[in-house]
Amino acid sequence: MAVAASSASAQESPRLADNAPDRHIVVPGDTLWGIAGKFIQEPWRWPEIWRLNKDQIKNPHRIYPGDVIVMVTGEDGKPQLKLAKSLKLQPREYSEAVKNEIPTIPQSIIEPFLSQPLVVDPSAMDKEARIIATQEGRVYLGGGDQAYVVGIREPSELWQVYRPGKAMLDPDTKEVLGHEAFYLGTARLIQPGEPSVMEMVEVKQEVGKFDRLMPASRPELITYAPRRPEAKVEARIIAVYGGVGTGGRYSVVSLSRGSRDGLEVGHVLALLRSEKVYEQRNEQGERELVKVPPQRYGLVFVFRTFERVSYALVMDAALPLSLADLVRNP
């Protein structure tokens, strides 16, 4: 069975974590990344220690609360993780309702970025459905109010309402990669036509004339196993969410590369501080420039891709990250 990360086959096996346990009992709140980190120092190399092949990489082991994961020695003498059995847990502790498969990374942190339209291609904005009029007597719409919409081209019942925001620029070329979109709320189609009639179901911010809509999508559980990109990738951080230009572990960042550049959900990239140039005086008192090469300080996990932009979750960071930092193949 071929190991998923084929380029890692020439490297040494993943190093065991300090005080790695012989077994781990899965509990609600665990993630595949976190479980791997209990056994190995590089949790993104989990497919290797689970011996996943390329066909399994998008559909890794289904793991649930109560499952017991053990570390054994494989036939090749290398450590290997296996699913041993499931414990019968007390109903008062864990109901069947919470016995859901364990996600790869913390789902609660990334869920808004999965369900809301946060990046819009400039060429697509003019084609999106848009509000041309509001309910009589309303300048801005609230829950239960109606809007008149043109451009409905898909048979979707629920629609997300958004407002185009600022352009997302490539830090190197200054090229527009997309536009951030501000999520305003959700609307339900109640009368098809041109215009169609929409009823506002949920309103997060004021909704009005000329705001746009796109079909609502259901967030998917991120179960892709972590892996390095097969092709060379280099990008920069163009935005950090939830902070003022800086962030750390579990921050969500946008990257200046997307699906057309080969990025896929599940790809892991190394975080590097951008190259810095300092001016100082040498022993002769002369001024000289000193270049400090990029410094690796963490890892990010790509969880959503657009054509030219991607979203990633910072899984590890030894330094505060900042705009224009680099990401590369680990």
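Among contacts in the protein between residues at least 6 apart in sequence, 68% join residues at least 24 apart. The model is a predicted one, and its secondary structure comprises four helices and 20 strands. Of the 330 residues, 46% count as buried. The accessible surface amounts to about 17600 Å², with 47% of that area belonging to carbon and sulfur atoms.

The structure contains seven aromatic pairs. In one of them, Phe303 and Tyr311 have ring centres 6.4 Å apart and planes at 20 degrees, so this pair is stacked; the angle falls under the 30 degrees that set the limit for stacking. Both partners are shielded from solvent: Phe303 is buried at a relative accessible area of 1%, and Tyr311 is likewise buried at 0%. Phe303 and Tyr311 also belong to a cluster, linked by ring pairs, that takes in Phe113, Tyr241 and Phe306.

Another aromatic ring, that of Tyr297, has a charged neighbour. Arg273 lies over the face of this ring, 4.8 Å from the ring centre.

Technical notes: Residues are numbered from 1 along each chain as its sequence is written. This is a predicted model: local features need pLDDT of at least 70, side-chain atom pairs count only at pLDDT 80 or more; totals for chains, interfaces and linings use all residues. Side-chain values use heavy atoms; hydrogens and water are left out. Rings of Phe, Tyr and Trp (its six-membered ring) pair if their centres lie within 6.5 Å; planes under 30 degrees apart count as stacked, over 60 as edge-to-face and the rest as tilted. Buried means under 20% relative accessible area, exposed over 50%, partly exposed in between (1.4 Å probe, protein chains only). A charge sits over a ring if NZ of Lys or CZ of Arg is within 6 Å of the ring centre and within 35 degrees of the ring normal. Helices (H or I, at least four residues) and strands (E, at least two) are DSSP runs, numbered from the N terminus. Contact means heavy atoms within 4.5 Å. Accessible areas come from the Shrake-Rupley method with a 1.4 Å probe; for residues, only the protein chains shown count as cover.
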